[in-house]
Amino acid sequence: MPRIAIIGGGISGLSAAFTLEEKRQSGAEIEYVLFEAAPRLGGVMVTDHTDGCLIEAGPDSFITEKPWAADLCRKIGLGDQLIGSNDSERKTYILVRGKLVVMPDGLMFMVPTKIMPTVFSPLFSWRTKIRMAAEWFHPPHKASEDETVAGMVERHYGSEMVDLLADPLLSGVYGGEASQLSVRAVLPRFADMESKHGSLGRAMLEARKEARKKMGAAANVPARPLFTSLKDGMQQMVDALVARLDANALKTSSPVQSVIPQSTDDGWIVSAEYQSDHFDAVIVATPAQAAAAVLQGADENLSRDLGEIRYSSSVTVTLGYDEKVRRSLPPGFGFLVPRSEGHRMLAATFVHNKFPHRAPENRALVRCFLGGARDEQILETSEEEILEIVRDELRQIVGIALNAEPLFARVYKWKSAMAQYSVGHLERLQRIEALRRKLPGLALAGNGYSGIGVPDCVRSGAEAAGKILAEMGMWSSA
Ligand SMILES: Cc1cc2nc3c(=O)[nH]c(=O)nc-3n(C[C@H](O)[C@H](O)[C@H](O)COP(=O)(O)OP(=O)(O)OC[C@H]3O[C@@H](n4cnc5c(N)ncnc54)[C@H](O)[C@@H]3O)c2cc1C
């Protein structure tokens, strides 16, 4: 019976395992073993509960527009557990010269699509507002080479837009910098819109009109929430997946040291914890840096390209406060902090507004983000010091007095967890794919390749399993 090894038990590896399990349940003669270095499965997806509050240590939700995570939840019996963000409260602030300024209505990512709210917004200077008006007439432009997100946004709207929006938004989502990340890899839609329409503003409006036309009769259906999550937190997805897998196939506390192809029979030797085992195929579903290490003996060039995919680290801090603090906080989902403000905090979410049932009505639940590509030192900082930094910055930004003691506080450190798709990422992926194809029975999954969010990781795991099954002649449309 063909044996398949999966290395890494985060959501990417679990999604690959689930695809194989479904195939097995439908009668396919396969066996799989999942190796996970940590004592628990789920990778960065961890949910804690305390004082009636639900705390997400890693992702708190996923973007609704990408269907793969919600589809998987429905398949594993969690359809009725899916919840949407409380978009009637959706309002995000940017910290500008120490004051929270609300992002104007109609901003789509960083592209303004409504004239009046943008014109009257105190967020932008008149110079940027004039650039926004001129952007409407931007000629179509097909860049011959990849460029940074900062480069593209600056060409369209000027440097203030990079500092106030592009950079803070990207550090919130990717823990990265607009001046490093590839526009083609991170915002492929922007590159496409620019080449077809020139103006990003006009292209966004055009896309919205098209979407409305397609919806046709369904136009009165209420808009879907921007973010989707699970009633009992993201860990619910991990637990439901694990419950559907073959328990004997899940090896936790089993870090894999190497994955070596066999010249004799096209199989692979997987070495974990001083034991080696033979497999017919291997899915490496770890962060790309770990994939580079385990595949070093398989192909040096592949390992080098994988190792060049950089990662940044992230720290999340969740604080619970009483009703008085809750009443003092502004409405909305939270705020972003541009680097120029000189704080360590990158962003904060008012969880009690974004997902109201995650905190009782007499609690404020505030989740803060630190770290990112420019602040790796935060990992070396003690939890006590991190809490001091966060509390001091919350005092400065939203006025939570230092004598307002948090009822609880949790600090989670995620080392090298956020892949940074730097300029040239797509070319690197092409090289990786060409080298991978030379190694039959190898597939890659994870957040290092084509999407860092949970839905893309779910898709990458399922696709990797599909590729292996297709090679084995068990999958028709991988
Ligand atoms: C703080 C934070 C907040 C986030 N917020 C969101 C969000 O709100 N929405 C969203 O969509 N996405 C979010 N993301 C991104 C998303 O959660 C991750 O990209 C995704 O969960 C990664 O899943 P993965 O399985 O690819 O990797 P991981 O979760 O990193 O799992 C990889 C696993 O591989 C294991 N491993 C590594 N090396 C080995 C080895 N040699 N042998 C065996 N096992 C090994 C690791 O122990 C780990 O468990 C966030 C990420 C972080 C860190």
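Analyst: The model is predicted. Its domain assignment divides the chain into domain 1 (3–43 + 237–309 + 421–471), domain 2 (106–220) and domain 3 (311–419).

The ligand comes next. Domain 1 and domain 3 each contribute residues to the shell around the ligand, so the ligand lies between these two domains. The shell holds 37 residues, and those that come nearest to the ligand are Gly 8, Gly 10, Gly 43, Pro 59 and Gly 453. Sorted by class, the shell consists of 21 nonpolar, 14 polar and 2 charged residues.

Several helices and strands take part. At least two shell residues come from each of helix H1 (11–25), helix H11 (288–294), strand S17 (310–321), strand S21 (408–420) and helix H17 (454–471).

Helix H17 also packs against another helix. Two packed helices are described by the angle between their axes and the distance between the axes. For helix H2 (residues 68–75) and H17, the angle is about 65° and the axes are 7 Å apart. Angles of 65 to 115 degrees count as roughly perpendicular, and H2 and H17 are therefore described in that way. On the H2 side the contact involves Trp 68, Ala 69 and Leu 72, which meet Val 454, Pro 455, Val 458 and Arg 459 in H17. By class, this contact has 6 nonpolar residues, no polar ones and 1 charged.

The axes of helix H12 (residues 300–307) and helix H16 (residues 425–437) come within 9 Å and cross at roughly 150°. An angle over 145 degrees counts as roughly antiparallel, which is therefore the description of H12 and H16. Their crossing is left-handed. From H12, the residues Asn 301, Leu 302, Asp 305 and Leu 306 meet Arg 428, Arg 431, Ile 432, Leu 435 and Arg 436 of H16. The residues of this contact comprise 4 nonpolar, 1 polar and 4 charged.

That leaves domain 2. The C-alpha centres of domain 2 and domain 3 are 28 Å apart. Their contact takes 12 residues from domain 2 and 15 residues from domain 3. On the side of domain 2 that touches domain 3, there are 4 nonpolar, 5 polar and 3 charged residues.

Note on methods: Residues numbered from 1 in each chain as written. Predicted model: local features only at pLDDT ≥ 70, side-chain atom pairs only at ≥ 80, totals over all residues. Axes fitted to C-alpha atoms, helices over the stretch in contact; angles between N-to-C directions. Helix = DSSP H or I, 4+ residues; strand = E, 2+ residues; numbered from the N terminus. Parallel < 35°, antiparallel > 145°, perpendicular 65-115°, else oblique. Left-handed = near helix turned anticlockwise from the far one by under 90°. Contact = placed C-beta atoms within 7 Å. Nonpolar A, V, L, I, M, F, W, Y, C, P; charged D, E, K, R; others polar. Near = placed C-beta within 6 Å. Domains from an automatic or database assignment.
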